[in-house]
Amino acid sequence: MAASPSTTSVAGAGPLLSFSSSLSSPSRRVLLPLVRRSSGGAGRRAARIPAISAKIREIFMPALSSTMTEGKIVSWVKSEGDRLSKGESVVVVESDKADMDVETFYDGILAAIVVPAGESAPVGAPIGLLAETEDEVPLAKAQAQSQSQSQPAPVTQSPPSPPSVAAPSPPPPPPAPVATPVAVSEGPRKIVATPFAKKLAKQHKVDIGTVVGTGPYGRITPSDIEAAVGIQPKVPVSSPSPAVTPVPQSPAPSADTSAKAPAAALPPIPGSTVVPFTTMQAAVSKNMVESLSVPTFRVGYPVTTNALDALYEKVKPKGVTMTVLLAKAAAMALAKHPVVNASCKDGKSFTYNESINIAVAVAIDGGLITPVLQDADKLDIYLLSQRWKDLLKKSRAKQLQPNEYSSGTFTVSNLGMFGVDRFDAILPPGQGAIMAVGASKPTVVADADGFFSVKSKMLVNVTADHRIIYGADLAAFLQTFAKIVEDPESLTL
């Protein structure tokens, strides 16, 4: 019997590939004669032989961030036949945020590349095979060939139940129908399904692990769940009749057709070019759509910046940026208003974050990313500035580690540097609030005695999750933030 796959990931300098420790089908068939040969009273010893003998390990597509559902192979650092040592870089993977070198957690031989450079695969799908010895390389190549033959069929990516997968696995080399389930280790791994499909599965009490996906890369779709519970598809039945009836008929039905026709296919604008999203742009699009499900509200607050501008001129020669000063001020205000640093992940409870990690929105070539200044309330502005320079350099090279862009508890977006006086920011998923900072501009103000003067003011708008943060919470936070900015000596402590 195949051992249950175990997945291992290691945090540190870079995310490590996860390998399955289960025996592959070809290896298991080769080892069977050894068990039969040692039959004379050594049954217990013979039973252990397959567990410690030759293995072919599958290299999985790693999850490099909490939002990553699939990754693209940028390049293979190693070639087929190369011998690998534990900790060596094997492949460069483009996640939804960065390009990352992925290392091996085992010694062995890169026997076969299942997903070549330039192609994508879901998280948890096999992208290569690692053999322990030269003798296993042909077996691994045969397994890789059978997997590549079965790749077009969506069934290979769905998570079938382990018993049904284990049974057909012994005969992978012959026909294609048997080769389809050869991606044995995909069963117990990450289930790839659309959010609505998961919701339907929960509503109808369907074990999503037993559903066969028909979407791209075997992704489980809502129609797959409906089919599993016996619900007849409604769209194919109803849509043909309205579509067919209106077309041949006169004015009234034709009006109905015009309502549906644009959704089906709009004529292309002359000279236009369709450019598909990059992995990062697709992730940004997904996050923005998810944000629409959160009930948000916005509060604006004017802040006088004369003292902050003066401090900036003093510390600028030492490498301190205005972005760091604003992040530090926000972190100090959050320390006094922890609810604004909280988040709501399940719609039923608060999650209070012990750390104050300020994410800062940065536009880079082909997308948007939010490097995180971790523990910003505890570090001085000089150390924060050094870290910010390092984060910017990594961002532009697409070399950020997952914890450097996905650990934010509060976000600052500053368009003031471009002269924008005010704007609203969209709340990132998983956070409670985001601050939009406008430009500081000379403004005529009157004091309590009626005397007029000119002061520099900037408008700060905060978008917050109204499930956990209320208007009074934001008002108190913004008052504290304004006091820190207007008397910024505490920023230098």
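Tutor: We will go through some helices, then sheets, a hairpin and a salt bridge. Keep in mind that this is a predicted model.

Student: Fine, helices. At what angle do helix H12 and helix H13 pack?

Tutor: H12 covers residues 306–315 and H13 covers residues 322–336, and the two pack at an angle of about 125 degrees. Their axes are 10 Å apart.

Student: What do you call H12 and H13 relative to each other?

Tutor: Oblique. Angles of 65 to 115 degrees count as roughly perpendicular and those over 145 as roughly antiparallel, with the rest in between called oblique, and H12 and H13 are therefore oblique to each other. H12 passes H13 in a right-handed crossing.

Student: Which residues make the contact?

Tutor: On H12 they are Leu308, Asp309, Leu311, Tyr312 and Val315. H13 contributes Met322, Leu325 and Leu326.

Student: And how do the residues of that contact of H12 with H13 split by class?

Tutor: Seven are nonpolar, none is polar and one is charged.

Student: What about H13 and helix H14, at what angle do they cross?

Tutor: Roughly 120 degrees, with the axes of H13 and H14 (residues 381–396) coming within 10 Å. That angle makes H13 oblique to H14. The crossing of H13 past H14 is right-handed.

Student: Which residues meet there, in H13 and H14?

Tutor: From H13 there are Thr323, Val324, Leu325 and Lys328, and they meet Ile381, Leu384, Ser385 and Trp388 of H14. By class, this contact has five nonpolar, two polar and one charged residues. Leu325 of H13 is also listed in the contact with H12.

Student: And helix H15? How do the axes of H13 and H15 lie?

Tutor: The axes of H13 and H15 (residues 471–486) come within 9 Å and cross at roughly 135 degrees. H13 and H15 are therefore oblique to each other. H13 passes H15 in a right-handed crossing.

Student: Who makes that contact of H13 and H15?

Tutor: H13 supplies Leu326, Ala329, Ala330, Met332, Ala333, Leu334 and Lys336. From H15 come Phe477, Thr480, Phe481, Ile484 and Val485. The residues of this contact divide into ten nonpolar, one polar and one charged.

Student: Switching to strands. What is the order in the open sheet that has S4 in it?

Tutor: The order is S5-S4-S2-S7, four strands with antiparallel pairing. Strand S5 (99–103) and strand S7 (120–122) are at the edges with a single partner strand each, so one side of each has no neighbour in the sheet. On average, neighbouring strands of this sheet are turned by 40 degrees against each other, direction ignored.

Student: How many bridges join strand S2 to S7?

Tutor: Three, and S2 (residues 70–76) runs antiparallel to S7. As an example, Glu70 has Pro122 in S7 as its bridge partner.

Student: What about the open sheet with S8, what order does it have?

Tutor: This one is also an open sheet of four strands with antiparallel pairing, in the order S1-S8-S6-S3.

Student: Over how many bridges do S1 and strand S8 pair?

Tutor: Five, in the antiparallel sense, with S8 spanning residues 126–131. Glu58 has Leu129 in S8 as its bridge partner.

Student: Now the hairpin. How many residues lie between S16 and S17?

Tutor: Five, and Gly450 in the turn has a positive phi of about 90 degrees. Six bridges join strand S16 (residues 441–446) to strand S17 (residues 452–465), and the two run antiparallel. Lys441 stands opposite Lys457 in S17.

Student: Last topic. How many salt bridges does a search of the whole structure find?

Tutor: Eight. One joins the side chains of Lys78 and Glu88, at 2.9 Å from N to O.

Student: Where do Lys78 and Glu88 lie?

Tutor: Lys78 is in the loop between S2 and strand S3 (83–84), and Glu88 is in the loop between S3 and strand S4 (89–94), so the pair ties together parts that are ten residues apart in sequence.

Terms used: Residues numbered from 1 in each chain as written. Predicted model: local features only at pLDDT ≥ 70, side-chain atom pairs only at ≥ 80, totals over all residues. Heavy atoms only, no water. Pairing = 2+ DSSP bridges. Axes fitted to C-alpha atoms, helices over the stretch in contact; angles between N-to-C directions. Parallel < 35°, antiparallel > 145°, perpendicular 65-115°, else oblique. Left-handed = near helix turned anticlockwise from the far one by under 90°. Contact = heavy atoms within 4.5 Å. Nonpolar A, V, L, I, M, F, W, Y, C, P; charged D, E, K, R; others polar. Salt bridge = Lys/Arg side-chain N within 4 Å of Asp/Glu carboxyl O.
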